Amino acid sequence: VTSSINVTALNDAPVLTNGSTLSYAENTAAAVVNTAITVTDVDNMTLASATVSITGGFSSDEDALGFANDGSTMGNIAAAYDSNTGALTLTSSDSSATLSQWQAALRAVTYRNTSDNPSTAVRTLSYVVNDGINASTAITSSINVTGVNDAPVLNGTASLVYPENANATAIHSDIMVDDADHTTLTSATVSITAGYASGQDVLGFVNDASTGNITGSFNSNSGVMTLSSNGGTASLAQWQTALRSVTYSNNSANPS
């Protein structure tokens, strides 16, 4: 007697292995997230698509995932990033990209942070590939973002014409103060760095309600006005007002 056995093959999902951790510092270039990820599939030599998504700690106005195709190693894989969701979608036309091409593509996915004051929450990236029928189980990579202190910035130009015997006059009424990652500042100096005539030139500052707890002290030997905020609590707006109110006077009847 004989018996027949009909074997039905079932599609096996592709498999990803090897998560990773990336340390990313503020203001650095886009960095590859995972260079060790592997892609296998026991019954398919090609895959259709993949997604790399920021599933934890996502900041839509800061985080960006990137991908640049290298045709020699990544075939026809193309990518599109959705900045609203943090998802990078990769696809292969006609599902023709090979496992090795998909592995090279996933290893080339980059992370970049565009903020000068980034959130330092850990970002979790989830990787999934799909063979056109079944999706793999996700693996994850982590990104640790480190903030870097940015120096405050001053902008504006000014030129004061001061006649002999005039009253103390504000020097720079349109100076602008900014800081990308601080809302308060500690100190400032206004210095006469050229042409200083000790005994004639005087810089002045008078605190009022608009300048918070900023105080000023003028050194007549060096021509330097030092401004400081106790505890560094004065706001950027208060510092801007203070710097705009610094005055110059000359107390000589025969000035240089």
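For the class counts below, Ala, Val, Leu, Ile, Met, Phe, Trp, Tyr, Cys and Pro count as nonpolar, Asp, Glu, Lys and Arg as charged, and the others, Gly among them, as polar. This is a predicted model, where local features need pLDDT of at least 70 and side-chain atom pairs count only at pLDDT 80 or more, while totals for chains, interfaces and linings use all residues. Residues are numbered from 1 along each chain as its sequence is written, and side-chain values use heavy atoms, with hydrogens and water left out.

**The pocket**

The largest pocket comes in at about 580 Å³. Here a pocket is an open set of points on a 1 Å grid over the protein atoms alone where a 1.4 Å probe fits, with protein on both sides within 12 Å along at least five of seven lines; lining residues have an atom within 4 Å of a point. The volume is the space filled by probe spheres set on the points. Of its 31 lining residues, those closest to the centre are Ile 171, Val 190, Ser 191, Leu 203 and Val 246. The lining splits into 21 nonpolar, eight polar and two charged residues. β17 gives the most, with five residues.

**The sheet**

β15, β21 and β18 make an open sheet in that order, with antiparallel pairing. At the edges sit β15 (169-170) and β18, each pairing on one side only. Strands here are DSSP runs of E with at least two residues, and helices are runs of H or I with at least four; two strands pair if DSSP finds at least two bridges between them. β18 and β21 (residues 247-250) are joined by four bridges, and Leu 203 stands opposite Tyr 248 in β21.

Ala 194 sits in the loop between β17 (187-191) and β18 (201-204), while Ser 252 is in the segment after β21. For the table, buried means under 20% relative accessible area, exposed over 50%, and partly exposed in between (1.4 Å probe, protein chains only).

| Residue | Relative accessible area | State |
|---|---|---|
| Ala 194 | 64% | exposed |
| Ser 252 | 15% | buried |

Ala 194 and Gly 223 are 29 residues apart in sequence, and their C-alpha atoms are 9.7 Å apart in space. What does Ser 252 touch, not counting residues up to four places away in sequence? Glu 164, Asn 165 and Gln 200, with contact meaning heavy atoms within 4.5 Å. A polar atom of the Ser 252 side chain also lies 2.9 Å from the backbone nitrogen of Asn 254.

Technical notes:
Polar contact = N/O pair within 3.5 Å; in protein donor to acceptor, adjacent residues only side chain to side chain.
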